[in-house]
Amino acid sequence: MKAKDLKDIFHKELNQIYGKDEVASFFYLGLEHHLNVARIQLQLEPEFTLSKTEADFFFEILEGLKQQKPIQYLLGETEFYGLQFKVNDNVLIPRPETEELVDWILKSYESRVISSEPSNLKSSIVNRQLKILDIGTGSGCIAISLAKHLPEAQVFAVDISESALEIAKENADSNGVEIKFIKADILESSLWEDVALRQKGSFDIIVSNPPYVRELEKQEIKPNVLNNEPHLALFVENDNPLIFYKSITDFAVDKLKSNGSLYFEINQYLGQETKQLLVDAEFKAVELREDLNGNDRMLKGTKK
């Protein structure tokens with residue numbers, strides 16, 4: 001079957017659901033993932049043909065998309081910060097705004113090293129002393145990306161879901177980094193004590209993208225997310241939407257080193273309220289930052 005004919009079928013079946021641009025994106029993602037064929041190759045080879053087995057794969061993807069299943073789950077992987085991550089319905093699909101958070105952490109740390117360390121001290125020596133904790137790691141995208149770019153750092157990652165940790169461990173292996181994974185509940189103080197004991201010392205950086213979507217905001221969530229991604233990692237009760245942020249902030253007060261940094265991805269509607277948690281906990285240089293879409297999405301504070 002010719003690829004251009006298969007592409008026409010995708011548009012015919014899916015344009016009303018997603019729009020033609022997103023449908024084209026789905027089709028080309030499938031080509032790159034399954035056949036390692038780039039978009040430009042179809043332009044150079046308009047008669048490019050798929051075998052029956054190859055075409056059958058695309059028809060399976062088509063059926064999943066008609067049911068509004070995320071393309072990342074259908075393909076079983078996605079890209080994040082230049083790395084490949086396995087994903088399934090046990091973990092959230094990594095988002096571009098989370099890439100922005102990772103980029104902020106790396107650039108802030110690099111700037112701090114350049115401004116505060118002697119010029120003859122190599123960054124690898126600094127990195128070796130660095131301890132990072134990612135809370136609610138999911139697919140491991142934050143922890144693994146940081147470990148990849150700070151190869152001498154010690155990186156720890158926590159999640160309550162055993163299934164999520166299994167995916168994260170696979171992703172760490174496939175990306176060639178070492179992460180210490182810990183199963184723990186963000187809201188259980190006894191388990192926090194276990195994390196602290198196992199890592200033997202305070203952290204330089206704590207980062208988290210915890211559940212933050214209120215139940216009242218469900219109507220804003222697209223069906224492909226609402227009906228497929230794990231609600232445990234998405235939603236919080238309307239009457240206590242900052243429950244995870246408060247628990248993590250309290251933990252950071254005890255377990256961050258002096259001048260250590262706490263980073264959050266946050267609910268865009270609760271930026272000031274989340275910022276106030278860090279102010280009340282006497283963090284300094286508290287900064288609320290917008291994502292590329294102009295939404296309050298990231299927060300940073302420094303422990304005194």
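Which residues does leucine 146 touch, not counting residues up to four places away in sequence? Leucine 146 touches Val102, Ile105, Leu106, Ile132 and Val207, where contact means heavy atoms within 4.5 Å.

The model is predicted: local features need pLDDT of at least 70, side-chain atom pairs count only at pLDDT 80 or more, and totals for chains, interfaces and linings use all residues. Residues are numbered from 1 along each chain as its sequence is written, and side-chain values use heavy atoms, with hydrogens and water left out.

**Cores**

The largest nonpolar core has 33 residues, of which Leu101, Ile132, Leu146 and Ile179 touch the most other members. Such a core is a set of buried Ala, Val, Leu, Ile, Met, Phe, Trp, Tyr and Cys residues joined through side-chain atoms within 4.5 Å. Buried means under 20% relative accessible area, exposed over 50%, and partly exposed in between (1.4 Å probe, protein chains only). Among the elements that give two or more residues to this core are α6 (96–116), α8 (141–149) and β6 (203–208). The largest share, seven residues, comes from α6. Helices (H or I, at least four residues) and strands (E, at least two) are DSSP runs, numbered from the N terminus. A second, separate core of 32 residues includes Ile182, Phe264, Leu277 and Leu288.

**Sheet**

Seven strands form an open sheet of mixed pairing, in the order β5-β4-β3-β6-β9-β11-β10; two strands pair if DSSP finds at least two bridges between them. The edge strands β5 (180–183) and β10 (284–290) each pair on one side only. From one strand to the next the twist averages 15°. β6 and β9 (residues 256–265) run parallel and are joined by five bridges. Serine 208 has phenylalanine 264 in β9 as its bridge partner.

**Helix α12 and threonine 249**

Threonine 249 lies in helix α12 (residues 243–255). The buried residues of α12 are Phe244, Tyr245, Ser247, Ile248, Thr249, Phe251 and Ala252. Leaving aside neighbours within four places in sequence, threonine 249 is in contact with Leu262, Phe264, Leu277, Leu278, Ala281 and Phe283. Values for the helix and this residue are listed below.

| Item | Value |
|---|---|
| α12, number of residues | 13 residues |
| α12, first C-alpha to last | 18 Å |
| α12, expected at 1.5 Å a residue | 18 Å |
| Threonine 249, relative accessible area | 1% |
| Threonine 249 side chain to tyrosine 245 backbone oxygen | 2.7 Å |

The expected span of a helix is 1.5 Å times one less than its number of residues.

How values were computed: Axes fitted to C-alpha atoms, helices over the stretch in contact; angles between N-to-C directions. Polar contact = N/O pair within 3.5 Å; in protein donor to acceptor, adjacent residues only side chain to side chain.
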